[in-house]
Amino acid sequence: MRKILLALSIFAFTLNAIAQDNPWQQQADYQMNVTMDVKNFQYKGTQKLTYTNNSPDTLSVVFYHLYFNAFQPNSEMDSKLQSIPDPDRRMANNLGTDKNPIYESRIAKLSPSEIGLLRITAMSQDGQKATFSHESTILKVTLPTPILPHSKTVLDMTFEGQVPVMIRRAGRNSPDGVALSMAQWYPKMVAYDHQGWHTTEYLGREFYGVWGNFDVKITLDKTYVVAGSGVLQNPNEMGCGYEDKGVKIPQTKAKTKTWHFVAERVHDFTWAADPQFTHDKHTLTDGKTIHFFYKKYPENWKRIQPDMLKVFDYFNTLIGKYPWPQYSFIQGGDGGMEYAMCTLMEGGKKYESLIGTATHELAHAWFQHLLATDEAAYPWMDEGFTSYIQTLAEQQVLHLIPATNYPFTKAYNGYLNLVKSGLQEPTITHSDRYATNYAYSIAAYYKGQLFLTQLDYLMGNEALMKTLKRYYREYAFKNPTPNDFIRIAEKVSGMQLQWFLNEFMQTDHVADYAIDKVEAKGNKTAITLKRLERLPLSIDLFVTDKAGKTQYVYVPLRMTYGEKPNTYPNYPRTVVPAWGWGNLTYTFELDMPLNNIQSIVLDPNNRSVDINRENNIYKK
């Protein structure tokens, strides 16, 4: 019996592995020692990387990201800033006017002492010298011994770098005056999955990393306070709010300190440092700690702290438990950017801006650093889903959005404006390949939100919330894909939804349904609807009689092979036969004489992505 049960367990695991797009994940465990010269912003380091090949493939080469090399004149990032019509304004200066902009790349003007640099000086595999070549922001390593499937190897290197002037996310002397914002600072193993190596040149957009454990020691001027990924291993030596209460910090004549951090089961490691950081710490009931590091606008940085603790609890309930022992909000970088167990955030002059950024970046801890989709390929699964739960938190926890308002109106309006502009591109476009930053931003942030609101529209809010929780439970630490998510939605709702993933996210099709004809049929009324565009949707239709009584008519979409529950329980609902997409028109009879009808409205609360509201209304 035991053998049978074991065989069944293995069989079930195999089925589950086959069912997901990424059935295995690689493992990259880092040990790094780095020494930073805070005067010239140059650093040297060693890295010992234990790489576990969990794939079925033999690997004869490996690749690393060298992100800092993007911040050099004539890099691909620099060239893109000069060729794209709407470059990121944090990275390019406008020498013209708003109406007639003339952009100049900030990278192009960097001097040798201001550029970013990351260079490997020596490398070996299991003690044998390895051949390597620097190719802009990618390092190609030809291995002396191929890595066999399901085996490990140890890659040792020495490296040196220079922190660039702050232009995007990482650098020195951020807009808030933080000395060091150290994101994307080390040679980072490129992700390898069922699609092969993801050797994406760094152009300033999205990331995809390999799961691993980090053991990092950072040595720099003793006056600096360091914050970042991982748990500090020597808090009583460092002080600055890290230490246990009542512990006396040992005095030393040394000019430097070494900070020792460990981060487990993450795919990135980031840190920031400044001699004037203020550090506040909160311990939650479950033992996790929340840290805040800042040097400007202390009033607002203090003010957001109780609010962010509430948001943290809300996300734990909404999606699932945050698994790591701590999280840090760090003033640094530009704008806001999510990293493992922390975020770097600029600003604080305006509370609403600071709390909005903090909420968004914290939400990334779930969708980017816990689920960890390939956001270079599917940025909407990260930015869109993150923005969705951020918006819910802003309404339900922070009360920045009135409770009576539909919270996703901004996302709908942004999407509608993109459609009208003619610049929309299918979201299967790689994040670096969009023709405009505008199209990328709307697709990733707004259309990604609308993907969830439209699933809400198609299958009901309860099913959507259950889908998000189950998605977390089944795919945490597994690099899920869009297909994995839509499979969960189908299991929860009982509907067929693959068509929706294809139509809404993999094409630029739009929805436009209209009330075509309303005709008297004796004591009944024949209502004819028409599909004017290609994106399919189900229909919510409200009919109000002259006495002001409203009834709800639901027209299911045949290709879902299911019905959503009554999403308007205050109104009596009539479910009519499903509408097949191939039929451009659809007619049904209403048991009400035409002369008693006051109005007919399609989707009266504007929950669908119908791009033309004007043809949705019939009034007597």
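These legends go with close-up views of a predicted model.

**View 1. A three-stranded open sheet, ordered S26-S27-S31.** The strands here pair antiparallel. S26 (513-521) and S31 (585-590) sit at the edges with a single partner strand each, so each has one side left without a neighbour in the sheet. Going from one strand to the next, the twist averages 20°.

**View 2. Zooming in on the S27 and S31 pairing.** Strand S27 covers residues 524-531, and six bridges tie it to S31 in the antiparallel sense. Look for Thr 528, which stands opposite Thr 587 of S31.

**View 3. The largest nonpolar core, with 195 residues.** Leu 180, Trp 185, Leu 220, Trp 271 and Phe 451 have the most contacts inside this core. Domain 1 (396-506) and domain 2 (513-619) both contribute residues, so the core lies between them. As a rule, nonpolar side chains in soluble globular proteins tend to be buried together.

**View 4. Who touches Trp 185?** Skipping residues up to four places away in sequence, Trp 185 touches Met 32, Val 34, Tyr 43, Phe 68, Leu 118, Phe 159, Val 216, Phe 269, Thr 270 and Trp 271.

**View 5. Asn 595, out in a loop between S31 and strand S32 (597-602).** Its relative accessibility is 51%, and since the cut-off for exposed is over 50%, Asn 595 counts as exposed. Setting aside neighbours within four places in sequence, Asn 595 is in contact with Lys 546 and Lys 620. Gly 414 is 181 residues from Asn 595 along the chain, and their C-alpha atoms are separated by 39 Å.

Terms used: Residues are numbered from 1 along each chain as its sequence is written. This is a predicted model: local features need pLDDT of at least 70, side-chain atom pairs count only at pLDDT 80 or more; totals for chains, interfaces and linings use all residues. Side-chain values use heavy atoms; hydrogens and water are left out. Two strands pair if DSSP finds at least two bridges between them. Helices (H or I, at least four residues) and strands (E, at least two) are DSSP runs, numbered from the N terminus. Axes are lines fitted to C-alpha atoms, for helices over the stretch in contact, and angles run from 0 to 180 degrees between N-to-C directions. A nonpolar core is a set of buried Ala, Val, Leu, Ile, Met, Phe, Trp, Tyr and Cys residues joined through side-chain atoms within 4.5 Å. Buried means under 20% relative accessible area, exposed over 50%, partly exposed in between (1.4 Å probe, protein chains only). Domain bounds come from an automatic or database domain assignment. Contact means heavy atoms within 4.5 Å.
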